[in-house]
Amino acid sequence: MAKKTFYDRVRDIDRRLIFLFIALSVAIPLIFHLYFPETPTPMTQAVFDKIEHLPAGSRILMDFSYDPASMPEIEPMATAWVRHCLLKKHKIYAIALWPVGPQLASDTFNAAVNFLRNLDPERRIVYGEDYVNLGFKSGAQGVINVLLTNLGTLYSTDINGANIADIPMMNGVVNLKSFDLIASISAGTPGTKELIQFGSVPAGVPLVAGTTSVFAPLLYPYYPAQMLGILGGLKSAAEYDALLFRKIKPQLQARLRLAPKLLQDEIAQLTGDRSLDPAAKRKLVAEKTAALRAVEKADPATLGDRRLMDLAGPVLGYTQKGISRMGPQAVAHLVIVLFIIIGNITYFIDKRRGRR
Amino acid sequence: MLTRSVPILITFVVGVVLVVSFFIPHQPFGKLGEDFSVFFDIIASFAFFLGGGNLVRIHLETVGKRKPGWGYSGITLVSFFVTLFIGFSKIGNPWGIQGDLSEYGSPFYVIYESIFTPASATMYALLAFYVASASYRAFRAKNLEATVLLIAAFVILLGRTFVGAVLTAWLPDSLAFLRIPNLANWILVTPNLSGQRAIMIGISLGIISTSLKLILGIERSYLGGDGE
């Protein structure tokens, strides 16, 4: 048997080696916090502008129709939207056409509210007044059909079983026409397509969408007439993150200037708290102490965007999941492109040699 | 006789009313349309029972007959019943089991956050490995069609990274349309859009045709049997 040349080895590359390259291309950027600059596309900008220019107090129906499988790609855009809407003092009404959607909505609300309270402690964000989770209903198009005429027929309680008549922000909400915007975050069917066909178009309410990069091309036919804009995949989520970061950067800097004092108070409070599990307490104190050291060394006014984001994470709970996850995706894309090039070079060499 | 004519009659009445209520949303069609949608949502809830029953039946049979992969069926059944038990424990909270999903640290919460979520995400993430391997072996410029597909995929992949922007940033503004992110966007909103619209229109026409056949009782295969 003839000894394999380097060329033969490259041509017949073991797929486990490809797997290894992909694993490294994802792991390394995650470990080293690789961020890349993002320039918003017109579609992302259109979504941002719509939410930005709605008057405060606008009602936004947000559909959380995705699951944990698509969560890594979709969650960043859900988080960014909830943050943006609450920052602008819009009211968010969460529904879900997928059974696991309500839990994902709750997680997103909790994270966003936690960050916004850290950013502006004087801001009062209350469940039932600023946001509500109406939960999941089965029936897909049927649910949307009913929402179009009478929301109360299907949604008599929220996710916690509270009567919607007792929820202040439900006052005056009759059907889809009561909303100023529909924001659909979906990973497939039922989701954005059904909301456009059975909901936003008949009701005459504008709609923006966020979906996976695989599903986005199927929704482009609705842009821009029936859908004002779309966030397609992690790239768009990162672009939205970047837009939102630009908007809140002065607030982040101002808040981080006060951070040393706040962190010292938090550490003192944690240390004195006897109700906490000792191991969990040690971990929390160590995290806060590390954050304190980092904040003490830095001046938020002169920090670059990347350092500012890194610092705002542990101090204010400001996660930039779109931007931070885009690093691994970008590098993995490049590795795949590289393998496609190698595959084609070997193909043409073989073809010239008459092997194939 | 009744087992066929009654469902056909129901389909006809509901189908006609829903079509009419879309174009004439006034009473009585508006209210009837809304009511039928609510009936549909209630019936759709029963699909969960049907799905659960079917899952148990199929996997019990696989385990009982020791068919290939019966161990996985066993795991499915155990997971199903444990989750179901904990879920139902929400009612009355027996033995101190808190089955409420929204309750931090409850058994249901742990199942969801610590098993279901990571397992689902892992399954989806595995795609990245297979996509990379398949791209290397299958994306070859073997003929004209494959070459067009390859170029489109190449531009989209690069256009979704910072490298796409960096590689063509030197192009003057008059040639901005040749910058890779713009090319990627053009592929998505022009050729892709045209193709998608054509497919959608075709599918819609097919749905209208099938729906009419169902409403008029011409298509009866949904009733089971040979439709006779």
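User: What does Asp12(A) count as by relative accessibility?

Analyst: Asp12(A) counts as partly exposed, at 37% relative accessibility. Buried means under 20% relative accessible area, exposed over 50%, and partly exposed in between (1.4 Å probe, protein chains only). This is a predicted model, in which local features need pLDDT of at least 70 and side-chain atom pairs count only at pLDDT 80 or more, while totals for chains, interfaces and linings use all residues; side-chain values use heavy atoms, without hydrogens and water. Residues are numbered from 1 along each chain as its sequence is written, and chains are lettered from A and ligands numbered from 1 in the order in which they are written.

User: With which side chain does that of Asp12(A) meet in a salt bridge?

Analyst: Side chains of opposite charge can pair when their charged atoms come close. A salt bridge here is a side-chain nitrogen of Lys or Arg within 4 Å of a carboxyl oxygen of Asp or Glu. Asp12(A) meets Arg11(A) at 3.2 Å, N to O, and Arg11(A) is buried at 14%. Both belong to a salt-bridge network that also links Lys4(A), Asp8(A) and Asp350(A).

User: Which parts of the chain does the pair Glu38(A) and Lys235(A) link?

Analyst: Their side chains form a salt bridge at 3.0 Å, N to O. The pair links distant parts, 197 residues apart: Glu38(A) is in the loop between α2 (15-31) and α3 (42-53), Lys235(A) in helix α10 (residues 233-257). Helices (H or I, at least four residues) are DSSP runs, numbered from the N terminus. Glu38(A) is buried at 12%, and Lys235(A) is buried at 10%.

User: How many salt bridges are there over all chains?

Analyst: The count is 19.

Note on methods:
Helices (H or I, at least four residues) and strands (E, at least two) are DSSP runs, numbered from the N terminus.
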